[in-house]
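Work through the exercises below with the coordinates open. Each task is followed by its solution.

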Amino acid sequence: MSKPAQKKKKKSDRIQRRNPDATRKRLLAAAIDEFTRHGFSGGRVERIVARARVNMRMVYHYFDSKKGLYVAALEAVYVEIRDREQALELDHLEPLEAIDRLVDFTIDHFASHPEFVSLTIGENVLKGRFIAGSKLIPKLSSPLVEQIRRVLERGASQGVVRRGVDPVAFYVSIVALACHHLNNRYTLSAAFGIDVGDPGWQKSYKRHAKHLISAFIRSS
């Protein structure tokens, strides 16, 4: 290696060491993009470090391996959605309003965050091989389930929400309505001669999905 190249490399190392948080964030953002586009198997660490403008050693310094970087990418998209769900402050709303806000948010989040949709699809193709090893993601999900449980219980006690609704099954139903058409956009569009990715269609579908949830959850 020539002396100018050695100097440039040493300068880059010093910059990365001086600002480790920024380096880690760039790596993680590049990894999310790479794994969203190509999945775990097709994702290349070389492209990630090039996009993040760091050297290869930083991947192993912060994440130990490609697997560690992939799990961190999965955890990052789950942290984002769970943080935003907590920010909805459902406990401070009337039960039906809280449910409406959660459904509204979930449909919008899936539609505007293709990285979450793609990464979770990819992990399901892998049969949850990597997410099963994450200790963080189950911990993130527990507060959401308890929050939904409290809303449902308050609604049932007020007589406005049907009794006996399981909070996990209820959330899974919301997610199904929020993402099935996104996961199957091209096959559904081809089969029915419509573009389910069209903003106008999605707006109409959102009203439909919210009506289904509302009709189900209200006490008869």
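**Exercise 1.** The side chain of E123 reaches which backbone nitrogen at 2.6 Å?

The model is predicted, so local features need pLDDT of at least 70, side-chain atom pairs count only at pLDDT 80 or more, and totals for chains, interfaces and linings use all residues. Residues are numbered from 1 along each chain as its sequence is written, and side-chain values use heavy atoms, with hydrogens and water left out.

Solution. The backbone nitrogen reached at 2.6 Å belongs to F130. The E123 side chain also reaches the backbone nitrogen of R129, at 3.1 Å.

**Exercise 2.** Determine whether E123 is buried or exposed, and which side chain of opposite charge is nearest.

Solution. Step 1: E123 is buried (under 20% relative accessible area, 1.4 Å probe, protein chains only). Step 2: the nearest side chain of opposite charge is R129, 6.9 Å away, and E123 has no salt bridge (a side-chain nitrogen of Lys or Arg within 4 Å of a carboxyl oxygen of Asp or Glu).

**Exercise 3.** Classify the ring pair F35 and Y70.

Solution. Step 1: the structure holds 10 aromatic pairs (ring centres of Phe, Tyr and Trp, the last by its six-membered ring, within 6.5 Å; planes under 30 degrees apart are stacked, over 60 edge-to-face, the rest tilted). Step 2: the centres of F35 and Y70 lie 5.1 Å apart with planes at 85 degrees, so this pair is edge-to-face. Step 3: F35 is in helix 2 and Y70 in helix 5, 35 residues apart. Step 4: ring pairs link F35, F40, Y70 and F130 into a cluster.

Key: Buried means under 20% relative accessible area, exposed over 50%, partly exposed in between (1.4 Å probe, protein chains only). Lys and Arg count as positive and Asp and Glu as negative; His and the chain ends are not counted. A polar contact is a pair of N or O atoms within 3.5 Å; within protein, one must be able to donate a hydrogen and the other to accept it, and residues adjacent in sequence count only if both atoms are side-chain atoms. Helices (H or I, at least four residues) and strands (E, at least two) are DSSP runs, numbered from the N terminus.
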